[in-house]
Every structure is written in C-alpha cells, then in structure tokens.
Amino acid sequence: MSLMSLTATELGRKIQAKEVSVKEAVEAALSAIAAKEETIGSFVTIDEKYAKKRAGEVQKQIRDGTLKSPIAGVPVAIKDNLCTKGIRTTCSSRMLEHFIPSYTAEAVVNLERAGAVLIGKTNMDEFAMGSTTETSYFGVTRNPWNTDYAPGGSSGGSCAAVAAEECSYALGTDTGGSIRQPSAFCGVTGIKPTYGTVSRYGLIAYGSSLDQIGPIAKDVSDCAAVLEVISSWDRKDATSIKRQDLNFTAALLDDVRGMRIGMPKDYFGEGLDDEVKKAVLAAAKILEEKGAVVEEFDLGLVEYAVPAYYVIACAEASSNLARFDGIKYGYRTKEFDGLHQMYQKSRSEGFGQEVKRRILLGSFVLSSGYYDAYYLKALSVKSLIKREFDKAFAKYDVILGPAAPSAAPKIGSSLSNPIRMYLGDVYTVAANLAGLPGIALPCGKNSRNLPIGLQMTGDCFQEKNIIRAAYAYEQARKERRI
C-alpha cells in the first residue's frame, strides 16, 4: 500500500514513531504525481527540489523533538491563489503566469511552523471564478473517479489531488462553496471555517467579505487537525478574529445523542437530483438512529441567496482585480499604442472569459445608476439571510443538506451554460454570505459510481458541532461499509 493511501494523521503518527521517514513520505507523493498527473492535471506547479530540501529540514526537527505536530513531515498541496515565497503563484491565470511572491500566506506559514512539507500548487478556476476547474489558463483538472467528469471548483485541483492520492491533504479556499462542492464531487472531506478564523493574509482575493481558507483531506479527523494548525489571529488581516476555542480535534466524538439537526425543506425540492436526495436523507436517518433529533423546517430567503451572492462577489471581484493592469506586475501586452490601450489589451489578453464576465457584472452593479438597485439591495438581502440563520440556530445545532444539486457534471457541460453553473451553488453560497462554518463529506455514490456529498452547516464559531456530527456519521459509514 502506498503511503499516500494513509490519512494525513496516520502518516504523521508513523513519521513520529520513526516507522517512516519524511523523505519516504515526500518521495511517495512525488511518485504518485509522476504516475497520475498527466491524466488528472491537479497541479500547476510542482517544486520537487524545494520539497526534498524541506523534507531534510523537517526530519532533523522531528528527530531532535522540536516538531511534534500530528502533520509534521506530511506532504501538502496548496491552492494556487495562496502566496508562497519563491514559488510561482498564478491563480491559474495568464495574468499571473510568471508571478513569484516575496512573502508567504499566513495559513501556509502556520502549516510550515507545524512541519508540513509543501510539494506543489494546485490548479483552480481562474482567480477562483468557476465551479468546475475548467476556466484555468493551464488546462482542465479531471475527476479521479471518472476523468470524463469535472472535479468541481474552484478548489478542484486540491480536491482531485487528495482524491487521487497525490498528496495527504491540501488547502483550498471557499468564496461560495469552492471547498465544499469539489469535496463532494471528488469524495473527500472539506471544511470552510467561520469567516475570520483563518487569516486571509497572502490570499489573492476574489470576494474579500466572502473568501475563507480551509482544509481538504480524506476524513473528518484530518480536517479537524489541519484546521487547528492553520487557525490563528493575525494582525496583518483586519478581518482576523481572536478565538480561544481552536481545539477542533476535541470534537471528534462518536456521539450525537441530543444534538438537534435541522433540514431545510427548501433544499429538498425542485432541482435536486433524486439520487442525491436519497443519499442525503439516508444520512439523516443514520444520525437519527444514533440519537440526534432530526426534523425539517422552513429556512427563508433561500431563493435569493444565489443572486445576492453573485452581485456581491462580482462587485468585490471587479474592485480586487483592478490592480492587475499590466503596470506593476503580471501580464503586459507586447504591442500597444498609449497607456489606455496598454491597460485595455493587457486585461483583455490576460484574463479569461469567465473572469471578464464577472468583472463586467461587478462593474455594472457598482455603477452610479445601478448601485442602489443592485449592490445595496444585495447587501440588505445578505443581512436578512444572516437573520434567518440566526433564527434557525436558536433551535438547531447543525443544518443538514446536500452539498450540490447533483454529482459531478461532465467536462464541458457547465461552461456552455453559465447560469446553470451559478445555480449549482444554491446550497453553499448562503454560508459565505452569513460567515458560517460548513463541512462537506461523502455520503454515497450515484448510479455512475460518482461520489455524492453531504453538507453540514453550523452557527458562527461552532465548528465543533459540525465536526462532531460529521465524525459520528463518518464512523457509522465505516461500520456499515456504506
């Protein structure tokens, strides 16, 4: 069995027990990448030289007792919108094809302090704009379960790398479901923490009020362990929050007795695939059998979440991406006549179709004639959605539902219909609008043998509730071999 078949914490324990060296773990990851990458396309950049050098440094620190983290020496892949000093960071865009940052994102710094070994940067939808990892300038990432299908997005490269066992775990980012949806499509587990729990310093922003960094791994235990490591208050991030309750692994309890779980009726109506609905309801039944109180309820304003999200996200994107102008860094067109044309051609050639579409939409809703009608109204809806969740969490510990309306789509089917692609985020975007934590994990497969994902959402700063419920369900799946 390959070392990459182990969970991250299992491999970490073997490294600490000196049963496996860090060098062996890194070489196992690099061998898996060499064997599978041509088919899957999970990575934009693989830094073999850095990984091997880092393996030696980490091994020395483990040997002398300096590093005792459960993930010390374990190979990790990082989504390519997180800055890494000296290692190319592209956001899967031509605009940043040759960009090498001078600093490292705080979440990655926290991983390195714990002894993680970075092996490469994963593919993604360009500037995190997309739901399939097909908008990347560097090519499509394919779903390891069936390469005719998409892995989801925008963190599709990270999820595919974990699912294909090219690395032990990965970091992704979630603006409207970009960790949870591809985790569901690839049959892995991913957590989007409460907004402000993980520093966004060094994350190349898409929607600043929505983006959050989180772990992607084989199981709930790994995600909880990694989330503990990357979570921290950071003075460099004005949205970072000081929290005392970051011992997420304490919630790994196979016990949901008395937990109150709500299932929004709106999530199980028109548009939900029958096989997904059946799998999610079966998961709810298992939790009920284990002692949880499960009931349906009405969650208002669900139909407004997607339009409100895309107005806000695109408005913030148009502002955030204004810095990429061909002057300071990034792509610059070769032939131009004057400053204005240089701006125009650099941005036209440097950005892909989906990014340009969202910049145009964002610029439109922020324009003087439409600011009140669209952007301010979307902000009002965002507040109302948060209020609806507050009402729900006064009664429930966890909200349970599907992570996506269907299993993974075929490659090429989503980009031909952008509106349909946007509507695919219907179950995930509300958590970002309200700043809530969410987890996606496998709950079965459809008739095409593609994974189906279950989503659990918790109240702000209540990651332990979703980790506890997810872990209990995961244990039941193992016992019943579902």
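Entry 1. Strands here are DSSP runs of E with at least two residues, numbered from the N terminus. I note that the model is a predicted one. With that in hand I looked up proline 264 and found it in strand 7, which covers residues 260-264.

Entry 2. Is proline 264 buried or exposed? I read a relative accessible area of 0% for proline 264, so I put it down as buried, the cut-off being under 20%.

Entry 3. I then asked which residues proline 264 touches, leaving aside those up to four places away in sequence. The list I got is Phe297, Leu299, Ile399 and Leu400.

Entry 4. I also checked proline 264 against tyrosine 374, which is 110 residues apart from it along the chain. I noted 27 Å between the C-alpha atoms of proline 264 and tyrosine 374.

Entry 5. Next topic: salt bridges. How many does a search of the whole structure find? I wrote down 19. I looked up some of them one by one.

Entry 6. The side chains of glutamate 106 and lysine 236 form a salt bridge, at 3.0 Å from N to O. I located glutamate 106 in helix 4 (residues 106-113), and lysine 236 in the loop between helix 7 (220-230) and strand 7; the pair therefore ties together parts that are 130 residues apart in sequence. Strand 7 is also where I had placed proline 264.

Entry 7. I compared the exposure of the two partners. Glutamate 106 has a relative accessible area of 8% and is buried. Lysine 236 has 42%, so I list it as partly exposed.

Entry 8. Which residues are linked with Glu106 and Lys236 in a network of salt bridges? I found Arg113 and Asp234 in that network.

Entry 9. I turned to arginine 243 and aspartate 245, whose side chains meet in a salt bridge at 3.2 Å, N to O. Arginine 243 is buried, at 12% relative accessible area. Aspartate 245 comes out at 29%, so I count it as partly exposed.

Entry 10. The last pair I looked up is aspartate 325 and lysine 328. Their side chains form a salt bridge, and the N to O value is 3.3 Å. I found aspartate 325 buried, with a relative accessible area of 11%.

Definitions and conventions. Residues numbered from 1 in each chain as written. Predicted model: local features only at pLDDT ≥ 70, side-chain atom pairs only at ≥ 80, totals over all residues. Heavy atoms only, no water. Helix = DSSP H or I, 4+ residues; strand = E, 2+ residues; numbered from the N terminus. Buried < 20%, exposed > 50% of the residue type's maximum accessible area, 1.4 Å probe, protein only. Contact = heavy atoms within 4.5 Å. Salt bridge = Lys/Arg side-chain N within 4 Å of Asp/Glu carboxyl O.
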